[in-house]
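Thank you all for coming; I would like to walk you slowly through a structure that may be new to you. Please have the sequence and the view open while I talk.

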Amino acid sequence: MGGRSLLWGKQTYRWSDLDFEANAKDGNGVDWPIRYKDIKPWYTYVEKFAGISGEAMNLPQLPDSHFLPPMEMNCVEKHIKGRIEKEFSDRNMIIGRCAHLTQPHNGRGQCQNRNRCSRGCPYGAYFSSNAVTLPPANASGNLTIRPYSIVQSLIYDEAKEKVTGVRIIDSETNEAIEYSSKIIFVNASTLSTTQILLNSKSSRFENGLGNDSGELGHNLMDHTYRVGAMGKVAGFDDKYYKGRRPNGIYIPRYVNIDENSKSDKFVRGFGFQGEGFRGGNPANIESFGADYKDSILKPGPWEFFITGFAECLPYHDNQVTLNGDVLDKWGQPTLSIDAEFKANEKALNKQIQEDAVEMLQKVGLKDILGFDKEHPPGYGVHEMGTARMGRDPKTSVLNDFNQVHAAKNVFVTDGACMTSSSCVNPSLTYMALTARAANHAVSELKKLNF
Amino acid sequence: MPSLLSLFQSCKTESRLDWQPAFLKEEEVKTISALLDMILPRTETPGALDVKADMFIDKVFAETYDITGQKNIRAEIATFNADCKKNFGAIFTDLNEADRTKVLQEAETTSEKFNPGIWGVSLGKQKPIGFYRSMKSMAIWAYFTSEEMGKKVLSYDPIPGNYDPCKPLSGVGNRWSL
């Protein structure tokens with residue numbers, strides 16, 4: 001229970017209209033059926049509930065959240081921030097905005113800076129379903145959880161012309177069970193959601209539920225990942241830190257955000273995450289013995305790195321399909337993934353590395369190393385798309401309230417719904433879209449529209 | 001034919017292990033232990049052998065290396081000793097301190113280094129790390145993660161609470177163990 005909400009990086013950033021208008025402006029993909037003003041109150045709603053820490057900056061391309069106090073930068077990060085902002089007046093370096101509590105909140109404890117998040121937090125200090133949403137859901141008395149359930153498909157009733165429930169396979173007993181429901185939210189995570197929809201075939205939906213457009217499975221995106229630079233920082237040997245802060249620094253997008261920052265090499269943009277820390281590898285020091293041993297008991301040299309995340313365009317060819325030739329242990333078709341980064345993403349990556357090296361050089365770091373692990377899509381673990389929102393049922397799967405166009409009682413609000421990918425971490429946007437869609441579902445239910 | 005007395009005397013001079021290795025043979029343990037003791041000797045703080053780094057490393061080989069990995073480490077230890085014999089006339093454990101030092105000094109200058117990394121991932125294309133620096137890295141890992149070093153010698157802070165972003169090193173002392 002908890003899925004990726006237990007393991008995620010907790011970085012949380014709002015989108016702006018720069019992101020929502022991008023497809024319409026440069027002609028890639030289809031237009032989002034919503035704008036920032038539609039989702040803005042829902043960002044605030046989920047941020048007040050989840051607890052998001054950060055510093056308000058009033059940047060148009062990265063709107064502020066409703067914030068808890070920000071975490072702090074260490075001395076090297078503060079020093080580098082000052083130098084970068086002096087050398088590059090169009091750039092900012094901020095502490096990461098993250099779903100960690102910096103003060104007690106709604107009965108949950110504040111972050112103790114252990115950085116053991118992936119073991120589960122005993123304080124509930126970062127946002128996970130387990131710590132934040134499941135407890136109040138359970139307290140409502142309306143929650144039933146059935147783990148060990150593989151959702152095989154949605155049930156489409158041909159006579160009623162609507163989706164009436166889900167079919168599951170018990171993962172331990174292989175028993176097939178059906179559940180009926182008026183409303184279904186398919187939020188199995190991007191690829192699994194689309195796998196379920198593709199696997200939900202009927203004579204009405206021969207190619208998968210909601211796939212009248214033919215776009216289901218297509219327009220898969222991910223952020224590019226592990227491109228940037230690192231270097232050594234001199235002059236802070238007498239400084240250290242206390243605590244293992246589970247957050248780093250962030251450099252918001254500064255390219256293609258206005259006329260002055262327009263690039264002729266690519267569309268869209270990138271942001272950087274990074275960190276300053278005392279690192280080094282004692283095994284590399286060409287020494288051994290008593291003095292060597294005593295010396296490595298002290299912390300290593302200060303290092304600083306920034307690693308970029310670039311937006312990926314929605315390409316029809318980047319897709320997932322069901323593979324009936326390779327079945328899983330429950331006899332279900334597996335998912336084949338066929339995706340690559342193309343010219344625009346490669347151009348963005350090239351700029352990321354050049355800019356990273358240049359920034360570290362300009363602020364006086366030594367032994368600067370640029371890097372690009374040339375990861376294919378998937379490594380960024382921000383996979384999005386394959387059941388996109390859109391204005392036109394002929395070119396999209398979902399409407400402006402995340403309802404499947406042709407089956408309005410089915411909602412998708414996880415990464416699958418995304419029409420474009422921005423360069424910022426997407427989870428906060430999933431949360432806001434989910435709250436907004438759930439609110440809409442309730443109001444439609446009350447109007448007896450389901 | 002050796003006399004009974006000379007057999008008895010040779011048994012006394014042979015050191016016996018006081019623990020049962022899970023993977024390494026006795027001769028291999030002696031080589032590894034001698035290496036660990038030279039790289040991280042006891043000073044005013046414990047040495048690698050004081051915190052049983054040799055036992056830990058034997059356990060790592062036994063429980064986490066696959067058949068190929070185990071074959072390779074065995075071959076690397078044998079090659080290391082064969083080179084000592086060729087260059088200095090005896091296997092590592094039979095050399096005097098001065099010659100052992102020369103062996104390690106040579107290994108330091110010829111052994112490939114680890115590439116830098118971020119978030120646990122090595123950057124660039126890592127050239128293969130040879131036996132010496134690989135063992136040195138394992139020694140440091142075993143040493144730093146031992147309970148005695150982690151809790152009593154390095155700075156131990158399991159639940160930091162607040163983050164202090166700019167603490168003078170003099171206020172901390174040794175590196176954090178966690």
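Predicted model: local features only at pLDDT ≥ 70, side-chain atom pairs only at ≥ 80, totals over all residues.

B:F23 counts as partly exposed because it has 17 C-beta neighbours inside 10 Å, where a residue is called buried if 20 or more other C-beta atoms lie within 10 Å of its own, exposed if 12 or fewer, and partly exposed in between, with the C-beta atoms placed from the backbone. Residues are numbered from 1 along each chain as its sequence is written, and chains are lettered from A, with ligands numbered from 1, in the order in which they are written.

To return to B:F23, this residue sits in the loop between α1 (4-13) and α2 of chain B, helices being DSSP runs of H or I with at least four residues and strands being runs of E with at least two, numbered from the N terminus. Which residues does B:F23 contact, leaving aside its neighbours within four places in sequence? They are B:D58, B:F61, B:A62 and B:Q70, where contact means that the two C-beta atoms, placed from the backbone, lie within 7 Å. B:F61 is 38 residues away from B:F23 along the chain, yet their C-alpha atoms are separated by 6.6 Å.

Stepping back to the whole of chain B, we find seven helices and three strands, which follow the pattern α-α-α-α-α-β-β-α-α-β along the sequence. Its C-alpha atoms fill a box of roughly 75 × 40 × 35 Å, taken along the principal axes, and 20% of its 178 residues count as buried.

One helix of chain B deserves a moment, namely α6 (residues 131-144), which has 14 residues and reaches 20 Å from its first C-alpha to its last, close to the 20 Å expected at 1.5 Å a residue, the expected span being 1.5 Å times one less than the number of residues. Among the buried residues of α6(B) are B:Y132, B:M135, B:A139 and B:Y143, and what covers the buried residues of this helix includes α2 (26-39), α3 (53-64), α5 (97-110) and α7 (147-153) of chain B.

Now to the meeting of the two chains, where 39 residues of chain B are in contact with 35 residues of chain A. On the side of chain B that touches chain A, the largest share, five residues, comes from β3(B). Three bridges join strand β9 (residues 239-242) of chain A to β3(B), and the two run antiparallel, with A:K239 standing opposite B:P168; strands are said to pair if DSSP finds at least two bridges between them.

Within chain A, there is an open sheet of three strands in the order β4-β5-β6, with antiparallel pairing. β4 (149-157) and β6 (176-180) of chain A stand at the edges with a single partner strand each, so one side of each is left without a neighbour in the sheet. Eight bridges join β4(A) to β5 (residues 162-170) of chain A, and A:D157 has A:K162 in β5(A) as its bridge partner.

Finally, the largest nonpolar core has 104 residues, and A:L154, A:A229 and A:C417 are among those with the most contacts inside it; such a core is a set of buried Ala, Val, Leu, Ile, Met, Phe, Trp, Tyr and Cys residues joined through C-beta atoms within 7 Å. Helix α9 (residues 427-446) of chain A gives the largest share of this core, seven residues.
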